[in-house]
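Biologist: I would like a close look at one part of this model, the sheet and what surrounds its inner strands. Please take me through it in one connected account, with the cut-offs behind each term.

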Amino acid sequence: MAFDLFLADRIRQLLCAKKVAFYEKKMMGGLVFMVNTKMCCGIHIDKQLGDSLLMVKIGVTEYQKEIIKPVCLPMDFTGRPMKGYIFITPQGFDLDADLEYWIDKGLDFNLKNQKA
């Protein structure tokens, strides 16, 4: 399995409950949720750890605040960290409230950066 189907369903349910228009795109061996035609969040399997990681685009400012948390990792599956993107380990999204926190971070950044 390329990505965690249960986590994908949890993300779908959250986005639907928030009445967010989104579509899904398989990429980079995982699944990405697109909002306003931009990457918002997704699921990636860490080949070294064997875990599903939650990927969220939160922007550079929020990244600096969040990366210090023990559940956060730089998004660097290409060998070079991508600015404004963060990985969250399973302990950081195990609870529904924690997953919602990260999805809200992604949605907030996405909405702030919409073209008028």
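Modeller: What follows goes from the sheet as a whole to one strand, its neighbours and the cavity beside them.

This is a predicted model, in which local features need pLDDT of at least 70 and side-chain atom pairs count only at pLDDT 80 or more, while totals for chains, interfaces and linings use all residues. Residues are numbered from 1 along each chain as its sequence is written, and side-chain values use heavy atoms, with hydrogens and water left out.

Six strands make up an open sheet in the order β1-β2-β3-β4-β6-β5, with antiparallel pairing; here strands (E, at least two residues) and helices (H or I, at least four) are DSSP runs numbered from the N terminus, and two strands pair if DSSP finds at least two bridges between them. The edges are held by β1 (23-27) and β5 (72-74), each with a single partner strand, so one side of each is left without a neighbour in the sheet. From one strand to the next the twist averages 25°, where axes are lines fitted to C-alpha atoms, for helices over the stretch in contact, and angles run from 0 to 180 degrees between N-to-C directions.

Two helices lie across the strands. Helix α1 (residues 5-17) lies across β1, β2 (30-35), β3 (38-45) and β4 (52-57), running at about 10° to β2, whereas helix α3 (residues 96-112) lies across β2, β3, β4, β5 and β6 at about 30° to β4.

On one flank, β2 pairs with β1 in the antiparallel sense over five bridges, K25 standing opposite V32, and in their hairpin, with two residues between the strands, M28 takes a positive phi near 55°. With β3 the pairing is also antiparallel over five bridges, L31 stands opposite I43, and N36 takes a positive phi near 55° in the hairpin, which has two residues between the strands.

I43 in β3 is buried, with a relative accessible area of 4%. Leaving aside neighbours within four places in sequence, I43 is in contact (heavy atoms within 4.5 Å) with residues including F3, D4, L7, G30, L31 and F33. The C-alpha atoms of I43 and D4 are separated by 7.2 Å, though these residues are 39 apart along the chain.

I43 also belongs to the lining of the largest cavity: of its 12 lining residues, the closest to the centre are M28, V32, I43, H44 and M55. Both β2 and β3 give two or more residues to that lining.

Notes: 1 Å grid on protein atoms, 1.4 Å probe; cavity = no way out; pocket = protein on both sides within 12 Å on 5 of 7 lines; lining within 4 Å. Buried < 20%, exposed > 50% of the residue type's maximum accessible area, 1.4 Å probe, protein only.
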